[in-house]
Amino acid sequence: MSWKRNYFASGSSGLQGMFTPRTMSSIAPSKGLSNEPGQNSCFLNSALQVLWHLDIFRRSFRQLTIHKCMEDSCIFCALKSIFVQFQFSSEKVLPSDALRTALAKTFQDEQRFQLGIMDDAAECFENILMRIHFHIADETKEDICTARHCIPHQKFAMTLVEQCVCGSCGAASDPLPFVQMVHYISTTSLCNQAVRMLECREKPTPVMFGELLRNASTMGDLRNCPGNCGEKLRIRRVLLNSPEIITIGLVWDSDHSDLAEDVIHSLGTILRLGDLFYRVTEDKARQAELYLVGMVCYYGKHYSTFFFQTKIRKWMYFDDAHVKEVMHSVNASSTVAEWMPLMTA
Ligand SMILES: [Zn+2]
Ligand SMILES: [Zn+2]
Ligand SMILES: [Zn+2]
């Protein structure tokens, strides 16, 4: 495809250099997380590195103390404990075992995130956030949580209403309100839409990324007209709040996708919240411009994480116990099969 080079390149820190661990030096101002053979904890380690490095989360979580404690299966306590170690321990590599065990105990009935078994990093991240809500704001139901101290709902949650409106017969579906922590998009639709958008435009611009995500998410999800007139409709999603952090989960349609390079080249580093949905009701959200700060990648049945350290203004690479600074931009030769960019204002 011809749109690969600099497709949505935004000038300074393009994405091209973030997939080439072999050229990195080994300065490690952050800490690694251990993953012994058989533990399969890379999915949790990746989610944990993202939470720790997100300034908004780390600072707000530090303020919280009162919670409904679940003792040895308490995700809140396990997270608190590892955050203290991140901050004060002299060790370069920390064990994430306590959080891994708390997660396994909490999700025992669902048989998810069990010890020794590999799981999904985006879903782990999502579930840790939902558990924090449970520990600190359980009295309010998840979908209508307005607790001001609830970091997951105040900072991460996208409060949405979706509806189909038919242009031919005028029928409209019942508006469906819901809350999501991660906005999932299919990589196949992402690549298809990128090609379509470039066909009718002279030149790609960095701000097109939000529109691309919106198109990819609605075109990949056509619905039948609620009045049964035969039309296929794009769903309209309206954002009702103004989240500070947006998490996008790219879903791969197969284990052996050949789209990895196309996906990498269709990514933007700037996301305008107003472009991501059909309509955005809050002024603050309409004006919000978010920057890519982190990304979890899945390759060869293994998760690793890239994160932008705002203090030193450098991209860091976290692969379990190994922490490296990303030094150079080289071509994107490694393949990426699943990842989750986190964008923060
Ligand atoms: Zn606790
Ligand atoms: Zn909440
Ligand atoms: Zn219709």
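The site of the zinc ion (ligand 3) is tetrahedral, with angles of 99 to 119° among its 4 donor atoms, where four donors count as tetrahedral if all angles lie between 85 and 135 degrees. For comparison, the ideal angle for four tetrahedral donors is 109.5 degrees. This is a predicted model, in which local features need pLDDT of at least 70 and side-chain atom pairs count only at pLDDT 80 or more, while totals for chains, interfaces and linings use all residues. Residues are numbered from 1 along each chain as its sequence is written, chains are lettered from A and ligands numbered from 1 in the order written, and side-chain values use heavy atoms, leaving out hydrogens and water.

The donors, meaning N, O and S atoms within 2.8 Å of the metal (3.2 Å for Na, K and Ca), are the SG atoms of Cys166, Cys169, Cys225 and Cys229, at 2.2 to 2.3 Å. Cys166 lies in the loop between strands E3 (158-163) and E4 (176-180), and Cys225, 59 residues apart from it, in the loop between E6 (223-224) and E7 (232-233); strands here are DSSP runs of E of at least two residues, and helices runs of H or I of at least four.

Cys166 counts as buried because its relative accessibility is 4%, and Cys225 is buried at 2%, the cut-off being under 20% relative accessible area with a 1.4 Å probe, protein chains only.

Turning to the nonpolar cores, meaning buried Ala, Val, Leu, Ile, Met, Phe, Trp, Tyr and Cys residues joined through side-chain atoms within 4.5 Å, the largest has 91 residues, and helix H5 (residues 121-137) gives the most to it, with 9.

Technical notes
Buried means under 20% relative accessible area, exposed over 50%, partly exposed in between (1.4 Å probe, protein chains only). Four donors count as tetrahedral if all angles lie between 85 and 135 degrees; four count as square planar and six as octahedral if opposite donors are over 155 degrees apart and all others between 65 and 115; anything else is irregular.
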